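Here's a quick tour of the salt bridges in this protein. Have the structure open and follow along pair by pair.

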Amino acid sequence: EEEEAQRIRSKRVGRGGERRQRSGGEIRGGTFIIVTSSAPPATSKSSLQPLRHLALPLLGLLLLLSPEASALASLPPLSPLRGGTMAMPSPVVVPASGTHSATVILLHGLGDQGSSWAPVASQMSLPHCKFIFPSAATRPVSINMGAPCPAWADIKGLSPDSPDDEEGATQAIEYVHKIIAEEVAAGIPPSRIVVGGFSQGAAISCLSAMTHKEPLGGCFLLSGWLMMRAKVPTMMSPTFISTKVPVLHCHGTNDMVVPFLFGQVSSQAMEQMGVNVDFKPYPGMAHESSPQEVSDLKAFLHGCLPAAPPAPIPDDPSSLSVKELKAILKERSVDASDCFEKADLLAKVKSLL
């Protein structure tokens, strides 16, 4: 029996993608690993290349869970929900370590699970935030040669013209909306809830934010793309645009799984729709993450979900100082790096009114 189990595990690695490796604090395979030792990794980058090659047709990346993630996975989960007709496993929940006033919902990529991402909660330094890590149901996936694995929807291809599984995506969006509804019922306003994800989880979280009736606090995409681009304009909630919900879109230029061009095209499509999106390319980064991306995500979440909500903007901000104008933009995660004069800052602040 043990030999048969080992054979199945080996087969899953070949089909489901590479196993993530700890590597000197770097984050690989779409998960954030808490490194507790400065010792060099047991597996070198070069020795991962054959296994990485097997993973190229896939988005899913399996994780050897760290002890920290295992401990977090044992926390009390949310009540089971259903997304459309598909039953989902219970999410992993990391409660706020301080007074709970905001929530972050993070969706994993293909072939992964919510507990893989649990360590990210402690890395964001947001004691007032509760983190929810849902897990997708297992289903056959076309791009995985039809083999079943955890997925939010089917994936038929990874090019801009590949057809989307609209039914599966709609079910996943409904499921995310139900998690949001549970948070709202518990007293957290939608403006204090941020959704995001990695790879396919990023695609679903983006649609979930765009189609939610009330504007959320923000949305982030890590190595993701925009699904159903032709239909999004008719699906999108008007308040998503009118309230300028901030969207952070991060993508590595060397991504061979979800090509960088696909991410770029998705971001440009969102811009054309009037979405308040900030696209950040990461030179040399593959379908993974990096310390800089983690830092950018942390800054984004701190801007979207400050410990206390930002003070209202005065009706006439022209009397504010440069420092005060910059503070208003920073509190709302608005990039001011292209502002060289006070007039530039003032124009951006007025656009938020």
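## A buried pair

Let's start on the inside: Lys130 and Glu183 are both buried. Keep in mind that you're looking at a predicted model. These two residues make a salt bridge, and their closest N and O atoms sit 2.9 Å apart.

Where do Lys130 and Glu183 lie in the fold? Lys130 belongs to strand E5 (residues 129-133), while Glu183 is part of helix H5 (residues 166-185), so this contact ties together parts that are 53 residues apart in sequence.

Next up is Lys156, which forms a salt bridge with Asp154 at a closest N and O separation of 3.3 Å. The two partners fall into separate burial classes: Asp154 counts as buried because its relative accessibility is 12%, under the 20% cut-off. Lys156, with a relative accessible area of 46%, is partly exposed.

## A partly exposed pair

Now look at Asp338 and Lys348, another salt bridge, with 3.0 Å between the closest N and O atoms. Asp338 is in the loop between helix H11 (322-331) and helix H12 (342-351), and Lys348 is in helix H12 itself, ten residues apart.

How accessible is Asp338? Its relative accessibility is 44%, so it counts as partly exposed. Lys348 lands in that class too, at 22%.

## The overall count

How many salt bridges are there by this rule? The count comes to six, including the one between Lys130 and Glu183.

Methods: Residues numbered from 1 in each chain as written. Predicted model: local features only at pLDDT ≥ 70, side-chain atom pairs only at ≥ 80, totals over all residues. Heavy atoms only, no water. Salt bridge = Lys/Arg side-chain N within 4 Å of Asp/Glu carboxyl O. Helix = DSSP H or I, 4+ residues; strand = E, 2+ residues; numbered from the N terminus. Buried < 20%, exposed > 50% of the residue type's maximum accessible area, 1.4 Å probe, protein only.
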